[in-house]
Amino acid sequence: MAVEATGPALIEQGHWLTMRDCKRVLVMAQTMTFVQRLEEVFGLLKADLRVQLAFTVGPPHAFGSGAERYLENMGISVLPWEEARRAEFDLVLAASSRGVHELSVPVLRVSHGAGHIKLLTDIATLAPGEHRWPGMLSRQHLMHEGRVVPRAIAYAHDRDLEELRSSCPEALPVAHVVGDPCVDRILAARPSRELYRRSLGIEEGQRLVVVNSTWGETSTLGRLDALLPHLLSLPRDDTCRIALLIHPNVYAGHGNWQVRGWLDACSARGIAIVPPEADWQSILVAADWIVGDHGSLTAYGALTEATLLLTPGPRRAVSATSPAALLAAAAPVLSPGHPLAEQLDYAACMRRPRQYDEVAASLSSVPGQFHRLMRSLIYRVLGLGEPAHPPAVGRLPSPLPLDRWVTAAFGRGERW
């Protein structure tokens, strides 16, 4: 007897599925960064018996390496992009504009960082004299063939709507301010700072320096040749621990093996190389100092007790109204001519009360409300009533000990 071939049950639907009468939501998880941000969104739906979630890592992305493995480690099955884009869904969750115009279903577009930092890079699409906006505020990212693509756009701050009024007023009717999940989690985690420090293995009297890097040639890691002598110059004693937080796009672009190879000298020095899939928020909360660039993690550091220092970065590529630009005007900058230990102590000594308050306030205009507001927005788009209980939001997990990430990166311990 001939047996008809089928595709995945989520695509075929019909009699293959046990839970059939569900609203169907597709998550476009093209990169690990997008997955980690969207997890705060699709996690609000996972327990609702009226909703079926499906995932795809398409369309192909330059930094897509590792995204499918990350999802599979969460127990999530991934649909091929070509099948997912032809299937019927009631909503698509996306943290990027790439490929969303190919879908004929409602799209909810969310940000994947702290505000809107990087200005549009494809300036060839701009008319002479046209203002250069960050991606999620630009017509080039929000419109296709004269129409606004997303059914709803989620922003973190009221300021975003003010800028949208100038950059792409056509998108204002679908724009909503819902806050920032990282802001909410970091603020909620601050009372647990000592718990996270103990989990990391930070002992009494020890200090934690967190060095973070976004991706790209102007990032902290892109200038590793200048940073490495600073890191290796710190005293070889038990008073200072160092952890490196590197953007997942760096690993996706160059490969885990190569990045670890470049950082072998750091691992040999006892510096922890935090893997890209680890939760970075608890590590920021635990830090005494955060040394970083114009990336999101440095800006989120303004919410913590840490003293911030910046590595020299680009000015023309960063939006002047972004949290990163505000931080560049408030935090001291690392100097190549002085030992790092002296600069850390000086920055801590000279730190002013409320020095980073303006930066922190720029990250969200509705702190503590992201999960409630985002869930309401999702259910409105789906045409469903919300569950009759507050959103379930778990606390940040305790991090692994730094020693584990030292040995793993240096080839003496477990694989990441």
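The model is predicted, so to speak of local features a pLDDT of at least 70 is needed, side-chain atom pairs count only at pLDDT 80 or more, and totals for chains, interfaces and linings use all residues. Residues are numbered from 1 along each chain as its sequence is written, and side-chain values use heavy atoms, with hydrogens and water left out.

**The sheet**

Let us start with the strands (DSSP runs of E, at least two residues, numbered from the N terminus). Seven of them form an open sheet with parallel pairing, in the order S3-S2-S1-S4-S5-S8-S9; two strands pair if DSSP finds at least two bridges between them. Strand S3 (78-79) and strand S9 (175-177) each have a single partner strand, so at these edges one side of each lacks a neighbour in the sheet. Helix H6 (residues 158-167) packs on the sheet and touches strand S8 (152-155) and S9, where contact means heavy atoms within 4.5 Å. The direction of H6 makes about 155° with that of S9; axes are lines fitted to C-alpha atoms, for helices over the stretch in contact, and angles run from 0 to 180 degrees between N-to-C directions.

Further into the sheet order, strand S1 (residues 23-28) and strand S4 (residues 91-94) pair in the parallel sense over four bridges. Val27 has Leu93 of S4 as its bridge partner.

**Helix H2**

Helices are DSSP runs of H or I, at least four residues. In helix H2 (residues 32-42), nine of the eleven residues are buried, meaning under 20% relative accessible area with a 1.4 Å probe, protein chains only. Among them are Phe34, Arg37 and Phe42.

**The cavities**

Three cavities of 30 Å³ or more are found in the structure. On a 1 Å grid over the protein atoms alone, a cavity is a set of points where a 1.4 Å probe fits but cannot get out, and lining residues have an atom within 4 Å of a point. Grid points are joined across faces, edges and corners, and a volume is the space filled by probe spheres set on the points.

| Cavity | Volume |
|---|---|
| Largest | About 110 Å³ |

Arg37 returns here: with Ser111, Ala154, Gly179 and Phe370, Arg37 is among the closest to the centre of the largest cavity, out of 16 lining residues. H2, S8 and helix H18 (370-382) each supply at least two residues of that lining.

For the second largest cavity, strand S10 (207-213), helix H9 (224-233) and strand S11 (240-246) each supply at least two lining residues. Val211, Leu224 and Ile246 are among the residues that line the second largest cavity.

Terms used: Buried < 20%, exposed > 50% of the residue type's maximum accessible area, 1.4 Å probe, protein only. 1 Å grid on protein atoms, 1.4 Å probe; cavity = no way out; pocket = protein on both sides within 12 Å on 5 of 7 lines; lining within 4 Å.
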